[in-house]
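Open the model in your viewer and keep the sequence panel beside it.

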Amino acid sequence: MEQGQQNKPGTTGQHPHFRPAPHQQHQQHKPHQAQQAPRPAAHQRAAQPPHVTPPRPATTRRRAAANAAGAASDHAAGEGAASGKTAIIAAVLGLAMLGVALFSCYWTMLRPLNVQVNGRDVQVRVGTSAAEFIRDNDYFGAKAGRKLSIGGNVISEDGGTRYSVALDGNQKTPQDMEGVNVVDGSSFVVSDGTDVTEGSTEKTVPLAPAVQMESGGAVQFVSQWGRAGKKVVTVGDESGEEVDKEVVDPAQDMVIASRNVKPAGGKYIALTFDDGPSGYTPDILKILKDKGAKATFYNLGSQEANYGKYAKQLVEDGHELASHTNAHQYLPNLDANALRAEISSAADALESAAGVRPQMIRAPYGAFTSTEWGRAGDIISCNVLWNIDTLDWKRPGADAIKAAVLNNAFSGAIVLMHDGGGNRQQDVEALPGIIDGLKAAGYELVTVSELLSHDDQFPKEVVEGTVTMPKDAQLPQV
């Protein structure tokens with residue numbers, strides 16, 4: 001475009017209201033420069049430098065920088081807004097997750113459960129084992145079971161099951177409760193523990209025989225010896241107690257016969273004297289000798305120290321020496337060792353005094369039970385009681401003593417009198433009339449052993465006083 005055309009209004013390409021740029025306005029006030037001759041086109045092309053974008057004016061650069069900065073700021077603001085939204089979303093998610101975690105923790109670890117125990121409402125923390133729940137509440141007052149021996153004796157008051165429990169109607173053991181957690185709405189019935197019996201083992205042991213004892217007769221002796229069997233017993237691990245379980249080989253019991261004498265071939269009666277020897281014994285021996293009668297004396301071993309010579313005399317006169325034990329003790333009150341000692345010491349004393357060791361005894365008061373037989377049946381031949389008691393120890397008078405014998409006499413009878421243990425003058429006075437009256441009635445006065453010899457229901461060794469227990473026999477354990 002030519003210079004002249006630029007100053008004409010209305011020229012093509014010029015807007016009527018166009019305001020030149022400041023630099024253009026400045027150029028308009030410059031004087032017209034000389035017109036330069038136009039260069040040939042080829043020259044112009046050759047002289048024209050490569051196309052270079054002219055530098056922008058400073059204002060343009062500032063506006064461009066501002067626009068760029070604004071764009072960058074808008075971009076950064078966009079990115080910041082996006083980042084902020086992400087952070088908010090993350091925070092919300094985190095809070096939601098925390099809430100879920102807290103709720104989960106509460107629900108699985110802290111939430112209270114409602115249960116019933118023995119009909120009462122109780123709360124318990126979720127996740128609690130049933131065993132812990134019961135322990136923490138002191139077993140709801142339940143008492144522990146005891147530990148018992150196999151024999152039923154108490155070993156310890158709290159050695160049994162600690163408590164009993166029914167969970168929702170089902171009986172459980174305390175061990176079951178360890179692996180069970182409390183469930184909401186559960187029902188517990190907690191009660192006292194049960195007794196527990198100690199552990200035990202079994203073994204086979206000898207089975208001792210028992211004692212069977214007859215009654216009603218004046219003469220007692222062993223009619224059958226006991227023999228051991230075998231049994232299985234249960235032995236307590238702690239107590240050591242033994243309880244019978246079963247018999248594998250039955251034992252043979254010891255049998256004690258109790259018989260009255262029924263002599264054959266005549267009328268026989270036996271006079272007996274207890275508690276001697278004493279100062280009355282010589283008078284009694286003299287009367288018997290004068291009357292031609294025989295008697296049996298049940299002497300105390302303790303009396304032989306002072307009156308031993310009378311024991312020897314009665315044996316020499318043909319009478320029978322037997323034992324009334326050593327010190328006249330009530331034998332059922334003695335243990336096995338004391339019982340055997342009481343019998344054996346008397347036999348020693350009698351043998352020492354008279355040269356005769358008797359097996360026949362008369363227990364003081366007649367008291368010789370199945371227990372005494374079980375403990376000492378191997379060291380005696382028989383225990384002799386009586387059929388007629390004169391009650392002379394009451395001192396009823398000589399006539400009463402005589403009448404007691406004569407009015408109750410029968411063949412085979414054994415009469416009880418005394419030559420020691422008190423004042424026996426009435427016995428001495430009554431004796432001649434007793435002998436005369438019995439002889440007049442046709443009785444022969446004999447010793448107890450002689451009386452037994454006239455009745456074949458008594459074994460020979462019992463009659464002779466030579467009883468020995470067989471080697472394969474065993475005494476009962478009583």
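**Stop 1: a loop with positive phi**

Select Leu391, in the loop between strand S20 (388-389) and helix H11 (398-406). Helices (H or I, at least four residues) and strands (E, at least two) are DSSP runs, numbered from the N terminus. This is a predicted model, where local features need pLDDT of at least 70, side-chain atom pairs count only at pLDDT 80 or more, and totals for chains, interfaces and linings use all residues. Residues are numbered from 1 along each chain as its sequence is written, and side-chain values use heavy atoms, with hydrogens and water left out.

Leu391 is not a glycine, yet its phi is positive, about 55°. Its relative accessible area is 33%, so Leu391 is partly exposed. The classes are these: buried is under 20% relative accessible area, exposed is over 50%, and partly exposed is in between (1.4 Å probe, protein chains only).

Now select Arg395. It sits in the loop between S20 and H11. Arg395 is partly exposed, at 44% relative accessible area.

**Stop 2: the whole chain**

Zoom out. The chain holds 14 helices and 22 strands. Of its 478 residues, 36% are buried. Take the contacts (heavy atoms within 4.5 Å). Among those in the chain with a separation of 6 or more, 73% join residues 24 or more positions apart.

**Stop 3**

Select Ile269 in strand S15 (residues 268-274). Is this residue buried or exposed? Ile269 is buried, with a relative accessible area of 0%. Show its contacts, leaving out residues up to four places away in sequence: Ile269 touches Ala409, Phe410, Ala413, Val415, Leu438, Tyr443, Glu444, Leu445, Val446 and Leu451. Then draw a distance to Lys294, 25 residues apart from Ile269 along the chain. The two C-alpha atoms are separated by 9.8 Å.

Lys267 lies over the face of Tyr443, at 4.3 Å from the ring centre. A charge sits over a ring if NZ of Lys or CZ of Arg is within 6 Å of the ring centre and within 35 degrees of the ring normal. For another such case, select Arg162 and Tyr139. The charged end of Arg162 is over the Tyr139 ring, 3.8 Å from its centre.

Next, go to Pro277, in the loop between S15 and helix H7 (281-291). The peptide bond from Gly276 to Pro277 is cis, with omega near -5°.

**Stop 4: the second largest pocket**

Rolling a probe the size of a water molecule over the atoms shows where empty space is left. The second largest pocket holds about 210 Å³ of space. Of the 15 residues lining it, Asp274, Asp275, His328, Tyr365 and His418 are the closest to its centre. A pocket here is an open set of points, on a 1 Å grid over the protein atoms alone, where a 1.4 Å probe fits, with protein on both sides within 12 Å along at least five of seven lines; lining residues have an atom within 4 Å of a point. Grid points are joined across faces, edges and corners, and the volume is the space filled by probe spheres set on the points.

Colour the lining by class: six residues are nonpolar, four polar and five charged. Ala, Val, Leu, Ile, Met, Phe, Trp, Tyr, Cys and Pro count as nonpolar, Asp, Glu, Lys and Arg as charged, and the others, Gly among them, as polar.

**Stop 5: aromatic rings**

How many aromatic pairs does a search of the whole structure find? It finds eight. Rings of Phe, Tyr and Trp (its six-membered ring) pair if their centres lie within 6.5 Å; planes under 30 degrees apart count as stacked, over 60 as edge-to-face and the rest as tilted.

Select Phe221 and Phe458. Their pair is tilted, 5.5 Å centre to centre with 55° between the planes. Phe221 lies in strand S11 (residues 219-224) and Phe458 in the loop between helix H13 (448-453) and helix H14 (460-464), so the pair ties together parts 237 residues apart in sequence. Phe221 is buried at 2% relative accessibility, and Phe458 is buried at 5%.

Move to Phe368 and Trp373. This pair is edge-to-face: 5.3 Å between centres, 85° between planes. Both Phe368 and Trp373 are buried. Last, select Phe133, Phe140 and Phe188, which form one aromatic cluster.
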